[in-house]
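Work through the exercises below with the sequence and the model open. Try each task before reading its solution.

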Amino acid sequence: RDPSSLSELTRARCREGKNAEGRKLFEEVIASARQKLGDTNVLLGDLLHNFGNYLFFDEKKPGAASGPYLQALMIRRCTHDDHLSDTLCNLGSAPQQSAKSEEAEKCFRDALELIQKLVRRTPARTEDQMKLGSVQWQLAQVLRERQRLEEAEELLVEASQVFEKASQDL
């Protein structure tokens, strides 16, 4: 199964109140992928990331999502996966929801660094510009929670400039 169809199937289980079935399905497919594809396959990284999303967004368990996100992060770092920044952002959101803002800040800063590099390489891609603004905004929220208001304000100004530029490019 591909990761997106598995995610849809498990979300359906969640909507039906069958969270345990959705979780078990993810765990079985991940175990099978790990056995058949190895521990560093990109598809396994996608599955782990999607499992983290399922735990975080569908089951509302950000603390439980950190484990799969960390595993996906290791794979995506090794394979230079294009979705590494997505995993870092979600990994940053999980501790932020669990009141671990120091961890969240580190993840968002790592994601920001990656996205800034991507935007420098392909400045014309509006999607990347929007992602940059989003990460700047998320990091600013973490900094605000940590009472680092001047730094948060600077990031929010930068984010609004990025969003404004991106909207002109649409």
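Patches are made of residues with over 30% relative accessible area and no salt bridge; like charges are joined within 9 Å, nonpolar side chains (Val, Leu, Ile, Met, Phe, Trp, Tyr) within 5 Å. A salt bridge is a side-chain nitrogen of Lys or Arg within 4 Å of a carboxyl oxygen of Asp or Glu. Accessible areas come from the Shrake-Rupley method with a 1.4 Å probe, and for residues only the protein chains shown count as cover.

The model is predicted: local features need pLDDT of at least 70, side-chain atom pairs count only at pLDDT 80 or more, and totals for chains, interfaces and linings use all residues. Residues are numbered from 1 along each chain as its sequence is written, and side-chain values use heavy atoms, with hydrogens and water left out.

**Exercise 1. Find which residues make the nonpolar surface patch, and which elements give two or more residues to it.**

Step 1. Met130, Trp137, Leu156 and Phe163 make a nonpolar surface patch of about 350 Å².
Step 2. Helix 7 (126-145) and helix 8 (149-169) each give two or more residues to this patch. Helices are DSSP runs of H or I with at least four residues, strands are runs of E with at least two, and both are numbered from the N terminus.
Step 3. Take one member, leucine 156, which lies in helix 8. Leucine 156 counts as partly exposed because its relative accessibility is 34% (buried means under 20% relative accessible area, exposed over 50%, partly exposed in between, with a 1.4 Å probe and protein chains only).

**Exercise 2. Describe helix 3: its span, its start and its burial.**

Step 1. The 17 residues of helix 3 reach 23 Å from first C-alpha to last, close to the expected 24 Å. The expected span is 1.5 Å times one less than the number of residues.
Step 2. At the start of helix 3, a side-chain oxygen of asparagine 41 comes to within 2.7 Å of the backbone nitrogen of leucine 43.
Step 3. Of the 17 residues, 13 are buried, so helix 3 is largely enclosed by the rest of the structure.
Step 4. After helix 3 comes lysine 60, with a positive phi near 60°.

**Exercise 3. How many aromatic pairs are there, and how are the rings arranged?**

Step 1. Rings of Phe, Tyr and Trp (its six-membered ring) pair if their centres lie within 6.5 Å; planes under 30 degrees apart count as stacked, over 60 as edge-to-face and the rest as tilted. By this rule there are three aromatic pairs.
Step 2. Phenylalanine 26 and phenylalanine 51 have ring centres 5.1 Å apart and planes at 35°, so this pair is tilted. The pair links distant parts of the chain, 25 residues apart: phenylalanine 26 is in helix 2 (residues 19-37) and phenylalanine 51 in helix 3 (residues 42-58).
Step 3. Phenylalanine 26 is buried at 0% relative accessible area, and phenylalanine 51 is buried at 8%.
Step 4. Phenylalanine 56 and phenylalanine 57 form a tilted pair, with 4.6 Å between centres and 45° between planes. Phenylalanine 56 is buried at 10%, whereas phenylalanine 57 is partly exposed at 42%.
Step 5. Ring pairs join Phe26, Phe51 and Tyr54 into a cluster.

**Exercise 4. Is arginine 76 buried or exposed, and what does its side chain reach?**

Step 1. Arginine 76 is in helix 4 (residues 62-79).
Step 2. Arginine 76 counts as buried because its relative accessibility is 3%.
Step 3. Its side chain makes a polar contact with the side chain of histidine 49 at 3.3 Å (a pair of N or O atoms within 3.5 Å; within protein, one must be able to donate a hydrogen and the other to accept it, and residues adjacent in sequence count only if both atoms are side-chain atoms).
Step 4. The side chain of arginine 76 also reaches the backbone oxygen of histidine 83, at 3.2 Å.
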